[in-house]
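Hi,

Here is the structure I promised to send over. Have a look at it first, and then read on for what turned up.

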Amino acid sequence: MSTLVAPFQEDLEAITADVWGSFLDVDGDTPLVAGAPHRWAEHDATTSAVVSITGAWQGHVIIECSARAARMVAAALLALPEDEASEDDVADAVGELANMIGGNVKSLVASPSALSLPHVVTQPGSHQSWPGAEEVCRIDGAWNGEAVTVMVYAGVNEGKS
(Lines give C-alpha, C1' and ligand atoms only; values in the text may rest on other atoms or scores of the structure.)
Protein backbone atom coordinates (compact mmCIF):
# COMPACT_ATOMS: atom_id res chain seq x y z
CA MET A 1 0.00 0.00 0.00
CA SER A 2 1.28 3.44 -0.97
CA THR A 3 1.75 6.02 1.75
CA LEU A 4 3.02 9.13 -0.04
CA VAL A 5 1.25 12.33 0.94
CA ALA A 6 1.85 13.51 -2.63
CA PRO A 7 4.23 12.56 -5.42
CA PHE A 8 7.67 14.12 -5.45
CA GLN A 9 8.97 16.24 -8.31
CA GLU A 10 11.25 13.37 -9.37
CA ASP A 11 8.22 11.04 -9.53
CA LEU A 12 6.33 13.37 -11.85
CA GLU A 13 9.39 13.86 -14.03
CA ALA A 14 9.97 10.10 -14.35
CA ILE A 15 6.30 9.32 -15.04
CA THR A 16 5.98 12.08 -17.63
CA ALA A 17 9.22 11.07 -19.37
CA ASP A 18 8.07 7.42 -19.51
CA VAL A 19 4.62 8.25 -20.91
CA TRP A 20 6.01 10.82 -23.33
CA GLY A 21 8.73 8.47 -24.53
CA SER A 22 6.33 5.57 -24.99
CA PHE A 23 3.50 7.36 -26.75
CA LEU A 24 4.63 10.72 -28.13
CA ASP A 25 8.35 10.43 -28.84
CA VAL A 26 8.33 7.19 -30.80
CA ASP A 27 11.10 8.32 -33.15
CA GLY A 28 13.34 9.35 -30.26
CA ASP A 29 13.96 12.92 -31.38
CA THR A 30 10.97 14.86 -29.99
CA PRO A 31 11.11 14.55 -26.20
CA LEU A 32 9.30 16.84 -23.80
CA VAL A 33 12.05 19.17 -22.68
CA ALA A 34 11.43 20.05 -19.04
CA GLY A 35 12.51 23.51 -18.05
CA ALA A 36 12.71 24.64 -21.65
CA PRO A 37 12.33 28.39 -21.85
CA HIS A 38 8.85 28.89 -23.27
CA ARG A 39 6.55 31.59 -22.02
CA TRP A 40 2.80 31.42 -22.19
CA ALA A 41 1.56 34.45 -24.04
CA GLU A 42 -1.48 36.06 -22.46
CA HIS A 43 -3.44 35.53 -25.68
CA ASP A 44 -2.44 31.88 -26.25
CA ALA A 45 -5.29 29.42 -26.53
CA THR A 46 -4.76 26.51 -24.19
CA THR A 47 -6.07 23.00 -23.89
CA SER A 48 -6.25 21.60 -20.37
CA ALA A 49 -7.06 18.07 -19.30
CA VAL A 50 -7.55 17.08 -15.68
CA VAL A 51 -8.11 13.79 -13.92
CA SER A 52 -9.00 13.79 -10.26
CA ILE A 53 -7.86 11.27 -7.69
CA THR A 54 -10.29 10.62 -4.86
CA GLY A 55 -10.25 8.33 -1.87
CA ALA A 56 -7.40 8.00 0.60
CA TRP A 57 -5.63 10.76 -1.36
CA GLN A 58 -7.37 13.74 -2.94
CA GLY A 59 -5.89 15.68 -5.80
CA HIS A 60 -5.67 16.44 -9.51
CA VAL A 61 -3.26 15.76 -12.35
CA ILE A 62 -3.41 18.46 -14.99
CA ILE A 63 -1.93 18.73 -18.46
CA GLU A 64 -2.02 22.23 -19.91
CA CYS A 65 -0.64 22.91 -23.37
CA SER A 66 -0.85 25.22 -26.31
CA ALA A 67 -3.57 24.51 -28.86
CA ARG A 68 -0.92 23.39 -31.37
CA ALA A 69 0.72 21.03 -28.86
CA ALA A 70 -2.71 19.51 -28.18
CA ARG A 71 -3.22 18.95 -31.90
CA MET A 72 0.25 17.36 -32.14
CA VAL A 73 -0.62 15.04 -29.22
CA ALA A 74 -3.73 13.93 -31.12
CA ALA A 75 -1.76 13.37 -34.30
CA ALA A 76 0.89 11.32 -32.48
CA LEU A 77 -1.50 9.21 -30.39
CA LEU A 78 -3.96 8.58 -33.21
CA ALA A 79 -1.40 8.24 -36.03
CA LEU A 80 -3.03 11.04 -38.03
CA PRO A 81 -1.63 13.97 -39.95
CA GLU A 82 -1.81 16.98 -37.64
CA ASP A 83 -4.21 18.87 -39.92
CA GLU A 84 -6.67 15.94 -39.92
CA ALA A 85 -7.09 15.77 -36.13
CA SER A 86 -10.62 16.93 -35.25
CA GLU A 87 -11.51 18.81 -32.06
CA ASP A 88 -12.93 15.54 -30.68
CA ASP A 89 -9.65 13.78 -31.53
CA VAL A 90 -7.73 16.51 -29.71
CA ALA A 91 -9.95 16.29 -26.61
CA ASP A 92 -9.75 12.48 -26.56
CA ALA A 93 -5.97 12.42 -26.99
CA VAL A 94 -5.11 15.09 -24.41
CA GLY A 95 -7.59 13.48 -22.02
CA GLU A 96 -5.94 10.11 -22.52
CA LEU A 97 -2.51 11.65 -21.88
CA ALA A 98 -3.80 13.04 -18.56
CA ASN A 99 -5.34 9.65 -17.80
CA MET A 100 -2.04 7.80 -18.38
CA ILE A 101 0.01 10.21 -16.27
CA GLY A 102 -2.74 10.40 -13.63
CA GLY A 103 -2.96 6.60 -13.36
CA ASN A 104 0.75 6.43 -12.66
CA VAL A 105 0.50 9.18 -10.04
CA LYS A 106 -2.43 7.35 -8.42
CA SER A 107 -0.25 4.27 -8.04
CA LEU A 108 2.12 6.30 -5.82
CA VAL A 109 -0.31 7.84 -3.36
CA ALA A 110 -2.31 6.37 -0.48
CA SER A 111 -4.85 3.76 -1.43
CA PRO A 112 -7.58 2.99 -1.93
CA SER A 113 -7.94 5.83 -4.41
CA ALA A 114 -9.86 6.12 -7.66
CA LEU A 115 -9.14 8.02 -10.86
CA SER A 116 -11.86 10.06 -12.53
CA LEU A 117 -12.52 10.24 -16.23
CA PRO A 118 -10.61 13.09 -17.87
CA HIS A 119 -12.20 16.49 -18.25
CA VAL A 120 -10.85 18.55 -21.16
CA VAL A 121 -11.30 22.29 -21.63
CA THR A 122 -10.11 24.52 -24.45
CA GLN A 123 -9.88 28.16 -23.51
CA PRO A 124 -8.82 31.17 -25.50
CA GLY A 125 -6.34 33.33 -23.66
CA SER A 126 -6.63 32.09 -20.10
CA HIS A 127 -5.32 29.29 -17.97
CA GLN A 128 -7.18 27.10 -15.50
CA SER A 129 -7.13 27.61 -11.76
CA TRP A 130 -7.74 24.93 -9.16
CA PRO A 131 -9.38 26.43 -6.07
CA GLY A 132 -9.25 24.33 -2.91
CA ALA A 133 -6.08 22.60 -4.05
CA GLU A 134 -2.39 23.36 -3.71
CA GLU A 135 0.28 22.67 -6.30
CA VAL A 136 2.76 20.03 -5.11
CA CYS A 137 4.87 19.53 -8.22
CA ARG A 138 5.00 20.70 -11.81
CA ILE A 139 6.89 20.42 -15.05
CA ASP A 140 7.05 23.41 -17.37
CA GLY A 141 8.46 22.47 -20.70
CA ALA A 142 8.29 22.51 -24.44
CA TRP A 143 7.56 19.86 -27.00
CA ASN A 144 8.42 20.66 -30.60
CA GLY A 145 8.66 24.30 -29.54
CA GLU A 146 5.17 24.36 -28.00
CA ALA A 147 4.36 25.01 -24.34
CA VAL A 148 3.40 22.04 -22.16
CA THR A 149 2.85 22.01 -18.40
CA VAL A 150 2.15 18.96 -16.25
CA MET A 151 0.99 19.63 -12.69
CA VAL A 152 -0.10 17.74 -9.61
CA TYR A 153 -2.36 19.47 -7.12
CA ALA A 154 -3.33 18.02 -3.75
CA GLY A 155 -6.45 18.84 -1.81
CA VAL A 156 -5.64 21.47 0.79
CA ASN A 157 -5.89 18.86 3.54
CA GLU A 158 -3.39 16.55 1.82
CA GLY A 159 -0.32 18.73 2.34
CA LYS A 160 2.99 18.54 0.53
CA SER A 161 5.52 15.73 0.50
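The crossing of helices α1 and α3 is right-handed. This is a predicted model, by the way, so please read everything below as computed from it. Helix α1 covers residues 9–23 and helix α3 covers residues 87–106, and the two pack at an angle of about 140° with their axes 10 Å apart. That angle makes α1 oblique to α3, because an angle has to be over 145 degrees to count as roughly antiparallel. On the α1 side, the contact is made by Leu12, Ile15, Thr16, Val19, Trp20 and Phe23. From α3 come Leu97, Met100, Ile101, Asn104 and Val105. What kind of residues are they? Sorted by type, the contact of α1 with α3 has 9 nonpolar residues, 2 polar ones and no charged ones.

One of those contact residues, Trp20, turns up again in the aromatic search. Across the whole structure, that search finds 1 aromatic pair. The partners are tryptophan 20 and tryptophan 143, whose ring centres are 5.4 Å apart and whose planes stand at 85°, so the pair is edge-to-face. The cut-off behind that label is planes over 60 degrees apart. The pair also links distant parts of the chain: tryptophan 20 sits in helix α1 and tryptophan 143 in strand β6 (residues 133–143), 123 residues apart. Are these two buried or exposed? Tryptophan 20 counts as buried at 2% relative accessibility, and tryptophan 143 is buried as well, with a relative accessible area of 2%.

Asparagine 144 is not a glycine, but its phi is positive, near 55°. You will find asparagine 144 in the loop between β6 and β7 (146–155), and with a relative accessible area of 39% it is partly exposed. Alanine 79 also has a positive phi, about 55°, without being a glycine. This alanine belongs to the loop between α2 (67–78) and α3. With a relative accessible area of 69%, alanine 79 is exposed.

While you are looking at the backbone, check the peptide bond between serine 111 and proline 112: it is cis, with omega at about 5°. Proline 112 lies in the loop between α3 and β4 (113–115). I picked these spots out because most residues other than glycine have a negative phi, and most peptide bonds are trans.

Threonine 47 is buried, with a relative accessible area of 3%. What does threonine 47 touch, leaving aside residues up to four places away in sequence? The list is Ile63, Glu64, Cys65, Ala67, Ala70, Val94, Val120, Val121 and Thr122.

Finally, the overall picture. The protein chain has 3 helices and 7 strands, and from the N terminus on they run α-β-β-β-α-α-β-β-β-β. Of its 161 residues, 42% count as buried. Among contacts in the chain with a separation of 6 or more, 70% are between residues 24 or more positions apart.

Cheers

Methods
Residues numbered from 1 in each chain as written. Predicted model: local features only at pLDDT ≥ 70, side-chain atom pairs only at ≥ 80, totals over all residues. Heavy atoms only, no water. Axes fitted to C-alpha atoms, helices over the stretch in contact; angles between N-to-C directions. Helix = DSSP H or I, 4+ residues; strand = E, 2+ residues; numbered from the N terminus. Parallel < 35°, antiparallel > 145°, perpendicular 65-115°, else oblique. Left-handed = near helix turned anticlockwise from the far one by under 90°. Contact = heavy atoms within 4.5 Å. Nonpolar A, V, L, I, M, F, W, Y, C, P; charged D, E, K, R; others polar. Phe/Tyr/Trp six-rings, centres within 6.5 Å; stacked < 30°, edge-to-face > 60°. Buried < 20%, exposed > 50% of the residue type's maximum accessible area, 1.4 Å probe, protein only.
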